[in-house]
Structure formats: structure tokens, C-alpha cells
Amino acid sequence: MWMREIPLSDSYDVLVVGGGSAGATAAIQAARAGARTALIEKNSILGGTTVVAAVDFPGLFHAQGKQVIAGIGWEAIERTVAKGGAALPDFSISVGERHWEHQVRVNKFVYSTVIEEMCLEAGVILRYHEIPAAIFVEGDERRLITAGKAGLMAIGFSKLIDATGDANMTEMMGYAREKGETLQPGTLVYKLAGYELDQVDEDKLRELYHKALQAGEIKETDHLPGDTPLFRELRSRGSSSLHITGIDGSTSMSKTHAEIEARKALMRIYTLLKSIPGCENLYVDFFANECGIRETWRIIGEEHIDANSYLSGHLWPDAIGYSYYPIDIHKHDSNTTDVRPLAEGVVPTIPYGALIPRGSEHLLVAGRCAAGDQVAHSAYRVQASCMAMGQAAGAAAAIAARHDISVRHVDIEEVRQLLREHKAIVPTL
Ligand SMILES: Cc1cc2nc3c(=O)[nH]c(=O)nc-3n(C[C@H](O)[C@H](O)[C@H](O)COP(=O)(O)OP(=O)(O)OC[C@H]3O[C@@H](n4cnc5c(N)ncnc54)[C@H](O)[C@@H]3O)c2cc1C
């Protein structure tokens with residue numbers, strides 16, 4: 001069937017692909033700004049990495065005692081707190097380099113339900129179980145061809161937001177992307193239960209671990225660093241995570257490989273631990289549906305956030321929000337991390353141009369695939385920053401659709417004003 005023969009199922013001012021931290025926020029903002037908006041999500045639930053990969057600790061909304069990211073993302077956190085799905089840390093206490101103490105631990109059920117409710121209240125049309133297959137552009141006509149349970153559909157759009165995390169739409173529309181030669185490991189979050197820690201003999205565990213390592217029954221990357229491998233996992237009341245190296249989560253096949261490898265690693269841990277006295281009744285109480293992916297593609301944008309601009313807190317002339325996180329690069333071949341905290345007084349900003357694929361007229365990106373180098377990306381990819389980018393992309397797309405202009409020609413002051421009206425914190429120029 002030719003693409004133009006695929007029946008047009010609907011048309012939207014703003015079409016968002018991907019319902020994670022960035023995409024859900026973008027859709028809510030666009031709809032609240034009056035755009036007829038739909039959100040396509042290949043899974044059955046919103047929240048992306050936060051929910052399906054169980055990285056359920058969004059951050060950072062505060063920098064050095066001051067809130068720097070608010071708006072729709074923060075409203076989702078407050079509504080989650082109000083329903084008993086999170087407790088806020090004391091942001092007035094300086095945590096220095098222990099930045100994780102200012103992340104907000106959310107209950108995945110409450111949080112995902114809250115953002116779904118916010119989408120529906122705003123009038124966002126949710127389209128779960130659908131995945132884009134192609135894009136058809138002819139003159140002023142733009143259609144996204146998707147595959148759903150009932151087959152192929154064509155969806156008309158004025159502006160498209162790529163919030164897939166992997167710049168999937170950017171590739172489909174033919175704009176340039178880049179990817180590091182080596183990628184950070186992926187991570188599977190899991191929880192063990194049913195064991196008696198006081199009956200576990202550390203020496204015995206060490207001996208069995210080394211035997212298994214020699215026999216190839218366990219890998220060093222399967223567990224957290226520690227004197228007695230796997231003891232830390234047991235001591236932490238079973239809540240843990242494991243790294244998967246040498247994977248690339250950007251395509252269906254490579255992501256399939258990542259999921260298979262992650263579950264194989266957890267099976268190795270489970271099998272080894274069950275042979276230790278005290279762990280006979282051990283079981284896997286929880287494992288995330290997906291292996292969390294830290295990085296894949298970044299767009300080549302109209303602007304580019306490099307390490308220097310991030311670490312110096314450069315104030316971009318088209319800044320749409322802040323981002324606050326240390327450089328945090330997990331080494332691809334070991335269990336070590338390169339962490340570089342931001343200097344006192346530095347709060348980096350995100351330029352609108354980093355959300356525009358170079359040369360794009362109708363496509364914006366938001367979230368993990370925004371433009372920058374691998375070093376800066378390791379910081380601006382975090383969830384609060386993705387929410388700020390999502391809100392900005394939603395606002396800009398709604399304005400561009402309203403005026404029927406290119407995303408490159410929106411008046412940045414109009415975007416910044418709309419963001420402020422919706423309670424986002426926008427850097428003062
Ligand atoms: C192990 C790990 C630890 C981390 N630690 C932290 C931390 O401590 N604090 C923090 O804030 N952040 C942390 N991060 C980073 C952060 O979680 C992610 O970078 C962030 O959630 C990305 O948000 P996003 O909206 O850009 O993408 P995602 O959350 O990945 O959302 C993308 C969404 O798009 C959907 N999608 C993808 N492709 C398609 C497609 N082709 N069609 C339809 N739907 C599609 C996906 O199903 C998903 O719902 C961590 C990440 C990992 C992996």
C-alpha cells in the first residue's frame with residue numbers, strides 16, 4: 001500500500017512521540033496552550049525510564065538551596081506527594097556532592113497515574129501501543145505513519161516532538177544525529193527477597209563467587225563493586241541494580257539484545273545466590289520491565305551544549321530553562337563512574353536551539369536526545385532537566401502551530417513568556 005493510501009486517522013496541531021519525562025510534559029504543555037495534541041507511546045504506560053526501567057528518583061529540581069526547575073514537571077511531583085506517592089527531601093539542607101539526596105523517590109504507580117491524569121485533564125489524546133513506522137511529507141501535508149494493533153494508520157500533524165530518548169523521529173525525518181564511539185552501560189533495577197542475611201557467610205559467598213567467575217557462570221559487571229561481590233546487594237535489603245555493557249538501546253533489535261542480556265545477568269546472580277546457605281528461599285521480588293538506557297543518539301542541533309558551556313554555567317541567549325546535575329559518566333567497560341560536581345554558583349542553562357534538529361522546520365526534540373557532547377549529556381539527560389526541556393518544546397510547538405510557522409522562527413520571548421505563565425522557571429537574560 002502506498003503511504004498516501006493509508007487512511008488518515010486524525011490530525012493534530014502537536015504530535016508528541018514518547019511519553020517519558022520529556023514527552024509527557026511536552027504534551028501537557030502544548031495542550032494547555034490550546035494546541036490539539038496527541039501523545040504516541042509504544043508502551044502501555046507513561047513515565048518512560050522513570051517507570052518502566054524503575055529509575056524512580058527524578059532530579060534535580062534544586063540547586064544550592066534554590067529551586068531551578070518547576071512548572072509542569074514539578075506539578076507532577078507535588079501531585080504525587082499529595083497522593084502519598086513521594087516524600088520531599090529537605091531541599092534547604094546542603095547535600096554537597098551527595099546530590100542523590102535531593103532526588104525525589106516516587107512511587108511508580110502513583111507517579112505514572114498522576115501524569116496520565118494530567119494529560120487527560122489537559123485534553124491530550126493518548127495513543128498507547130502505537131509506534132511510528134514512516135513519515136510522509138508532501139508540500140504542506142505532513143503525516144506520521146504508525147503501526148498499531150489494528151495495522152497501519154496515518155496521522156496528520158503541524159508540529160512533531162521527538163521525545164523517544166533515541167532521536168527516532170529525527171532519523172525518520174532525515175536530520176543528522178551523533179552517537180559516542182562507546183556508550184555507557186545500561187542498567188537493570190531489581191529487588192531480591194526471601195533470604196536470611198544473618199545466615200549468609202561472607203567467606204563462603206566470596207569462595208563460591210570466585211569459583212563461578214572462573215567457570216564463566218557470573219561476570220564482574222553483573223554486580224556492584226565491593227570486597228565480597230554480591231554481599232552489598234543482599235545487605236541493601238535486596239534493592240539493587242546491575243550493569244549491562246556493550247549494548248546500544250536505540251533500535252528494536254539492539255534493545256531486544258539489551259533486555260535479554262540484562263535478564264540473563266539477573267538469572268546468573270539468582271542462581272549463584274540460591275546455592276549459598278541463608279539464600280535457599282531467595283527469590284526475585286521485582287525486576288524492571290526494561291533495561292534502563294543512559295545514552296544513544298543525540299541530535300545535531302541548531303545549538304550544541306558542550307562540556308565547557310555546561311560546566312561554566314553559560315547563559316544562552318535563547319535559554320528556556322535550567323539543568324542541574326554533576327557530569328556523571330559510567331564507564332562502558334567497568335563498574336566505575338566519572339563524576340564531576342558543578343562548581344559553587346554554577347547552574348547551567350539549556351538553549352532552545354539544542355531542541356531543534358539542524359535545518360528542521362516542523363520537528364523539535366526534548367529530553368535525552370537533545371544536542372550536546374557526550375560529557376554534557378551525562379548531566380542534562382536527567383529527569384528534571386528532561387521535564388524542563390519537554391515543557392519548552394511543548395510551548396514552542398504550540399506557538400509554531402498556532403502561527404503556522406517554522407519551529408526555527410518562533411519568537412523566543414513568546415516561548416519564554418508562555419513558559420512563565422505555566423510556572424516554569426526561565427533564566428533571566
Ligand atoms: C540506570 C539509570 C540511572 C539514572 N539515574 C538517574 C537519576 O538518578 N536521576 C535522574 O533524574 N535521572 C537519572 N537517569 C536518567 C534519566 O532517567 C533519563 O535520561 C530520562 O528519564 C530520559 O527521559 P526521556 O523522556 O528523554 O526518555 P525516556 O524516559 O526514555 O522516555 C522515552 C519514551 O518514549 C517511548 N518511545 C521510545 N521510542 C519510541 C518510539 N519509536 N515510538 C513510540 N514510543 C517510543 C519509550 O517507551 C518511553 O516511554 C538515569 C538513567 C538510567 C538508565
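This is a predicted model: local features need pLDDT of at least 70, side-chain atom pairs count only at pLDDT 80 or more; totals for chains, interfaces and linings use all residues.
The chain falls into two parts: domain 1, made of residues 3–180 + 296–421, and domain 2, made of residues 186–287. Between the C-alpha centres of domain 1 and domain 2 there is a distance of 32 Å. Where the two domains meet, domain 1 contributes nine residues and domain 2 contributes nine residues. On the domain 1 side of this contact, four residues are nonpolar, three are polar and two are charged.

The largest nonpolar core comprises 127 residues, and Ala 366 and Ala 396 have the most contacts inside it. H11 gives the most to this core, namely 14 residues. Both domains take part, since at least three residues of the core come from each of domain 1 and domain 2. Around Ala 396, and leaving out residues up to four places away in sequence, the residues touched are Tyr 352, Leu 364, Val 407, Val 410 and Val 415.

Just after H3, Gly 84 has a positive phi of about 80 degrees. Helix H8, residues 252–274, has 23 residues and reaches 33 Å from first C-alpha to last, close to the expected 33 Å. In H8 the buried residues are Ala 258, Ala 262, Ala 265, Leu 266, Ile 269, Leu 272 and Leu 273. Their cover includes strand E10 (186–193), helix H6 (202–214), strand E11 (239–244) and strand E12 (283–287).

Leu 60 sits in the loop between H2 and strand E3 (62–63), and a cis peptide bond with omega of about -15 degrees joins Gly 59 to Leu 60. Is Leu 60 buried or exposed? Leu 60 counts as buried because 24 C-beta neighbours lie inside 10 Å. Apart from neighbours within four places in sequence, Leu 60 is in contact with His 99, His 102, Gln 103, Tyr 324, Tyr 325, Val 382 and Ala 384. The C-alpha atom of Asp 90, 30 residues away along the chain, is separated from that of Leu 60 by 13 Å.

Two residues other than glycine have a positive phi. Gln 64 has a value near 50 degrees and lies in the loop between E3 and strand E4 (66–67). With 15 C-beta neighbours inside 10 Å, Gln 64 is classed as partly exposed. Asp 404 has a phi near 55 degrees and belongs to the loop between H11 and H12. Asp 404 counts as exposed because it has 10 C-beta neighbours inside 10 Å.

Lys 331 is placed in the loop between strand E15 (327–330) and strand E16 (337–340). With 14 C-beta neighbours inside 10 Å, Lys 331 counts as partly exposed. Beyond its neighbours within four places in sequence, Lys 331 is in contact with Thr 336, Thr 337 and Asp 338. Lys 331 and Thr 182 are 149 residues apart along the chain, yet their C-alpha atoms are separated by 9.0 Å. Glu 196, in the loop between E10 and H6, is partly exposed, since 13 other C-beta atoms lie within 10 Å. The C-alpha atoms of Glu 196 and Asn 281 are 8.7 Å apart in space, although 85 residues separate the two in sequence.

Methods
Residues are numbered from 1 along each chain as its sequence is written. Domain bounds come from an automatic or database domain assignment. Two residues are in contact if their C-beta atoms, placed from the backbone, lie within 7 Å. Ala, Val, Leu, Ile, Met, Phe, Trp, Tyr, Cys and Pro count as nonpolar, Asp, Glu, Lys and Arg as charged, and the others, Gly among them, as polar. Helices (H or I, at least four residues) and strands (E, at least two) are DSSP runs, numbered from the N terminus. The expected span of a helix is 1.5 Å times one less than its number of residues. A residue is buried if 20 or more other C-beta atoms lie within 10 Å of its own, exposed if 12 or fewer, and partly exposed in between; C-beta atoms are placed from the backbone. A nonpolar core is a set of buried Ala, Val, Leu, Ile, Met, Phe, Trp, Tyr and Cys residues joined through C-beta atoms within 7 Å.
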